[in-house]
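Please read its numbered points beside the sequence and the model.

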Amino acid sequence: MPTEQRDWYDTPLYYDIVFDDGTRQEADFLEGAFVKHGDGKGRRLLEPACGSGRLALEMARRGWDVSGFDGNANMIEFAKERMAQHGLKAWLWEDWMQSFTLPKGLKGGFDLAHCLVSTFKYLHTEKDAAECLRRVAASLRPGGLFFLGLHLTDYERGTAEHERWVAKRGKIEVVCNTHTWPADPKTRLENLRTRLKITDAGRTHTQETHWQFRTYNAAQLKALLRKVPELELQECYDFTYDLAEPRRFDDSYADVLLVLRKS
């Protein structure tokens, strides 16, 4: 079976099926942490890199006033269509994390913003990463919260890592295999490859995507945050999304989730 070279963001339905399983848990965490670490006031939400809109839809269902953007036009179109199908509204537009601006007519002063599951690592330079944080901070009201989640890197690791998920929706099955190779400590870039084996309407095909992430260990991420002092660290969790189990901000685990407060 030949493998098609294709950006998985250009097939938002299959991407959405892979990641949908954790949506409710993530939304529960966002709402709980917003009350625990913020003032609990307001329901305006901004999601940089909103992708297929899975969390945008869930938060809109819960009564949040949702705005979000993504750099991939196919993702935005998919997200808008699913909102309409559910009779919900959200302000969604095409834009990039390091240079986004709010559309005319959309006011800032958001109560909550979030960027989870390592999407932030698509920003390949320190300049772009810092600029994204500054723009998020500028979009928040004083006291607003930004939740930033990403995988930390162990630069001593010398072998590739492999993750596999199997997900179904109706008659569609997607098997996702992601390989991550050791990061280059000098460039701080790591190579990734994802293969999706998709069975849809009785036909099976495979598509493959190659890309790079910018990597961080705890010290590097702390150094970046110091460049944006208007975002103050409140607490640190991991990808279990357990509010009863905060973590130290260090390299003892891989998946860090930071709660940052706009001063």
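1. In this note, residues are in contact, or touch, when heavy atoms lie within 4.5 Å. The model is a predicted one, in which local features need pLDDT of at least 70 and side-chain atom pairs count only at pLDDT 80 or more, while totals for chains, interfaces and linings use all residues. Residues are numbered from 1 along each chain as its sequence is written, and side-chain values use heavy atoms, with hydrogens and water left out.

2. Leu221, with residues up to four places away in sequence not counted, touches Leu150, Leu152, Tyr216, Phe249, Val256 and Leu258. Apart from it lies another core, of 27 residues, which includes Ala27, Leu30, Met83 and Val259. A nonpolar core is a set of buried Ala, Val, Leu, Ile, Met, Phe, Trp, Tyr and Cys residues joined through side-chain atoms within 4.5 Å. Buried means under 20% relative accessible area, exposed means over 50%, and partly exposed lies in between (1.4 Å probe, protein chains only).

3. The largest nonpolar core has 36 residues, of which Phe120, Leu133, Phe146, Leu221 and Val256 touch the most other members. At least two residues of this core come from each of strand E5 (110-115), helix H5 (126-139), strand E6 (140-151), helix H6 (218-226), strand E11 (231-237) and strand E12 (255-262). H5 gives the most, with six residues. Helices (H or I, at least four residues) and strands (E, at least two) are DSSP runs, numbered from the N terminus.

4. How do helices H2 and H3 pack, and at what angle? H2 (residues 23-37) and H3 (residues 54-61) pack at about 55°, with their axes 10 Å apart. Axes are lines fitted to C-alpha atoms, for helices over the stretch in contact, and angles run from 0 to 180 degrees between N-to-C directions. H2 and H3 are therefore oblique to each other; angles under 35 degrees count as roughly parallel, over 145 as roughly antiparallel, 65 to 115 as roughly perpendicular and the rest as oblique.

5. The contact is made by Thr23, Arg24, Glu26, Ala27, Leu30 and Glu31 of H2 together with Arg54, Leu55, Glu58 and Met59 of H3.

6. H3 is mostly covered, as seven of its eight residues are buried. These buried residues are Arg54, Leu55, Ala56, Leu57, Glu58, Met59 and Ala60. Their cover includes helix H1 (12-19), H2, strand E2 (44-48), strand E3 (65-70), H4 and E5. Just after H3, Gly63 takes a positive phi of about 95°.

7. Lys80 belongs to helix H4 (residues 73-85). With a relative accessible area of 43%, Lys80 is partly exposed. Lys80 and Ala90 are 10 residues apart along the chain, and their C-alpha atoms are separated by 7.8 Å.

8. Arg188 lies in the loop between strand E8 (172-180) and strand E9 (189-200). Is Arg188 buried or exposed? Arg188 counts as buried, at 13% relative accessibility. Not counting residues up to four places away in sequence, Arg188 touches Glu126, Tyr155, Phe213, Arg214, Thr215, Tyr216 and Gln220.

9. Phe239 is placed in the loop between E11 and E12 and is buried, with a relative accessible area of 18%. Leaving aside neighbours within four places in sequence, Phe239 is in contact with Val117, Gly149, Leu150, His151, Asp255, Val256 and Leu257. Phe239 and Gly149 are 90 residues apart in sequence but 7.9 Å apart in space, C-alpha to C-alpha.
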